[in-house]
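Thanks for making the time this morning. I would like to walk you through one model, going sheet by sheet and then to a pair of helices, so please keep the structure open while I talk.

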Amino acid sequence: MSKLFLVPTPIGNLEDMTFRAVQTLKDVDFILAEDTRTSGKLLKHFEVSTPMHSHHMHNEHKSVVGVVKRIQSGETCALISDAGTPAISDPGFLLTRACIEANLDVECLPGATAFVPALVNSGLPNDKFVFEGFLPVKKGRQTRLKLLAEETRTMVFYESPHKLVKTLGNFAEYFGADRPVSVSRELSKLYEETIRGTATEVLKHFEEKAPKGEIVIVVAGK
């Protein structure tokens, strides 16, 4: 039966891969991967020999049409990202929307995603929260920060290590120096850590100790 499967992959620890995810990757006709070199290591580890093709932010607009046609012809496809759940700050939305518009079945498997453990680990209210992903790098950044300064729900952001100090400085400036912040990095990996405190306290920590690895920032609402 033709279908698109969105398959989460581990964000660090390979043991977080589900049995169902592995079986799905073995059963489909082809796999779309964000980086075939990265995903190749994952597939080799779990002894998956399904053909794999590249599908990333630079080619997804062009590749979507061809993928939809293959699924319409009766094939099954699994989309994976380098880590976590496809379409969460990664390619996946365009293909999912195209399949839905073509009346094709789409199924997203449950599995790893970075912001959930970071949110729960933070100790900040999580009954209501807003996922912001990556802030704009330049254009629109100031406007977005001013808008978020009035947000009452807990906010979740993704950030790269070399931009973390700048972003924490922005939070102290726009949200207030005493705004509670939690930074989780290297989730599920050997050197996983979570630093909690006010915006200025957490900023000072990472000014003194350069951050490494994948980072999730959780910020209390106003």
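When I say that two elements are in contact or touch, I mean heavy atoms within 4.5 Å, and the helices (H or I, at least four residues) and strands (E, at least two) are DSSP runs numbered from the N terminus. This is a predicted model, in which local features need pLDDT of at least 70 and side-chain atom pairs count only at pLDDT 80 or more, while totals for chains, interfaces and linings use all residues. Residues are numbered from 1 along each chain as its sequence is written, and side-chain values use heavy atoms, with hydrogens and water left out.

Let me begin with the helix pair. Helix H3, residues 60-72, packs against helix H4, residues 93-101, at an angle of about 40°, and their axes are 10 Å apart; axes here are lines fitted to C-alpha atoms, for helices over the stretch in contact, and angles run from 0 to 180 degrees between N-to-C directions. On the H3 side the contact involves Glu 60, His 61, Val 64, Val 67, Val 68 and Ile 71, which meet Leu 94, Leu 95, Ala 98 and Cys 99 of H4. These residues divide into 8 nonpolar, 1 polar and 1 charged, where Ala, Val, Leu, Ile, Met, Phe, Trp, Tyr, Cys and Pro count as nonpolar, Asp, Glu, Lys and Arg as charged, and the others, Gly among them, as polar.

Now to the sheets, where two strands pair if DSSP finds at least two bridges between them. Within it, S2 (residues 30-33) and S4 (residues 76-80) run parallel and are joined by 4 bridges, and Ala 33 stands opposite Ile 80 in S4.

What is the pairing in the open sheet ordered S6-S7-S10-S8-S9? That sheet, also of 5 strands, is mixed, and its twist averages 15° from one strand to the next. S8 (residues 180-185) and S10 (residues 215-219) run antiparallel with 5 bridges, and Val 183 has Ile 217 in S10 as its bridge partner. Finally, helix H8, residues 199-208, lies across S8 and S9, running at about 135° to S9.
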